[in-house]
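Here's a quick walk through how this chain is put together. Have a look at the fold, then read on.

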Amino acid sequence: MATVTVDNNNFQSDVLQASEPVVVDFWAEWCGPCKMIAPALEEISTELNGKIKVAKLNIDENPELAAQYGVRSIPTLMIFKDGEVADMKVGAAPKTALSAWIGGAVA
């Protein structure tokens, strides 16, 4: 499964009410490190298909959600489980580190 795009309209249904854990990537078009981790997140999404959902939220288009979750620096990744933030990671990381971090949430 490829990453999905979330915004103010579908955040509640696609993230907070999701049956599986959801990794939300808070990003922006102008953010270089965000673009660096995007391919890794796509691969992880495919590898963990059905176990986890990876969602991307553009903070420039959805500043209210970014503010609500205290995003001060991007990329910020948050893992949501049962509608709550279970873990958070700020900054870019190699795919191996992202996989390990996300895999820990799925276990």
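## The main core

The largest nonpolar core takes in 21 residues, and Phe11, Val24, Phe26, Leu57 and Ile74 have the most contacts inside it. A core here is a set of buried Ala, Val, Leu, Ile, Met, Phe, Trp, Tyr and Cys residues joined through side-chain atoms within 4.5 Å; buried is under 20% relative accessible area, exposed over 50%, partly exposed in between (1.4 Å probe, protein chains only). Helix H1 (11–16), strand S2 (22–27), strand S3 (53–58), helix H3 (63–68) and strand S4 (76–81) each give two or more residues to this core. S2 gives the most, with 4 residues. Helices (H or I, at least four residues) and strands (E, at least two) are DSSP runs, numbered from the N terminus.

This is a predicted model: local features need pLDDT of at least 70, side-chain atom pairs count only at pLDDT 80 or more, and totals for chains, interfaces and linings use all residues. Residues are numbered from 1 along each chain as its sequence is written, and side-chain values use heavy atoms, with hydrogens and water left out.

## Around Phe26

Leaving aside residues up to four places away in sequence, Phe26 touches Leu57, Ile59, Leu65, Ala66, Tyr69, Val71, Ile74, Pro75, Thr76 and Met78 (contact means heavy atoms within 4.5 Å).

## The sheet

Five strands make an open sheet with mixed pairing, in the order S1-S3-S2-S4-S5; pairing takes at least two DSSP bridges between two strands. At the edges, S1 (4–5) and S5 (84–90) each pair on one side only. S1 and S3 run parallel over 2 bridges, and Val4 stands opposite Ala55 in S3.
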